[in-house]
Amino acid sequence: PLFSIHNRIIRQANTAPVNTFDDLHGQAIGTTLGYVYPALEPYFRDGRLRRDDAGSELQGFRKFMARRIDYLVMNSISLDWHLRTWSSRMPAEPMPLSTPLIFDPIEVRCAVAASLAVASVNRAIEGLRADGSLEALLRRYR
């Protein structure tokens, strides 16, 4: 894997703290259409939580910022970027709060075309790791 990410739930500043999925019972959770959230699926299936799908993570975040939803699932790197840049984009708005819920780890990998040698791609990735380039790129979002 290039790097690992996970999903988080963010909440509006004026909502009650959330420590477990059960704290969200009956709530609509902002999700991305077509995305599967293994840890949340049992809650969606039995009605303890309701999906509120947006066409993309960015559309879901915009819906959240417009206060159309109180809770939103977002992957950790997107969430870090949005929280880091929040004050420059929305200085008068309360910052969304990340819950302590970390779930659905994802190993981000590189898709390799059949015409490329996997070993060559892996060497290039290791070179990016070794010289710190990959970490420097990720720091721009964290």
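**Contacts and fold**

I started with contacts: of those in the protein chain with a separation of 6 or more, 63% are between residues 24 or more positions apart. I kept in mind that this is a predicted model.

Next I went through the secondary structure. I found five helices and five strands in the protein chain. Reading along the sequence, I noted the order as β-β-α-β-α-β-α-β-α-α.

**Dimensions and surface**

I looked up the overall extent: along the principal axes, the C-alpha atoms of the protein chain fill a box of roughly 50 × 40 × 25 Å. The chain has 142 residues, and 37% of them are buried. For the accessible surface I wrote down about 8200 Å², with 55% of that belonging to carbon and sulfur atoms.

**Charges**

**A nonpolar patch**

Which residues form a nonpolar patch on the surface? I got Trp81, Leu137 and Tyr141, which together have about 260 Å² of accessible area.

I followed up on Leu137, which sits in helix H5, residues 133-139. Is Leu137 buried, partly exposed or exposed? I put Leu137 down as partly exposed because its relative accessibility is 39%, and that class runs between the 20% cut-off for buried and the 50% cut-off for exposed.

Key:
Residues are numbered from 1 along each chain as its sequence is written. This is a predicted model: local features need pLDDT of at least 70, side-chain atom pairs count only at pLDDT 80 or more; totals for chains, interfaces and linings use all residues. Side-chain values use heavy atoms; hydrogens and water are left out. Patches are made of residues with over 30% relative accessible area and no salt bridge: like charges are joined within 9 Å, nonpolar side chains (Val, Leu, Ile, Met, Phe, Trp, Tyr) within 5 Å. Accessible areas come from the Shrake-Rupley method with a 1.4 Å probe; for residues, only the protein chains shown count as cover. A salt bridge is a side-chain nitrogen of Lys or Arg within 4 Å of a carboxyl oxygen of Asp or Glu. Helices (H or I, at least four residues) and strands (E, at least two) are DSSP runs, numbered from the N terminus. Buried means under 20% relative accessible area, exposed over 50%, partly exposed in between (1.4 Å probe, protein chains only). Contact means heavy atoms within 4.5 Å.
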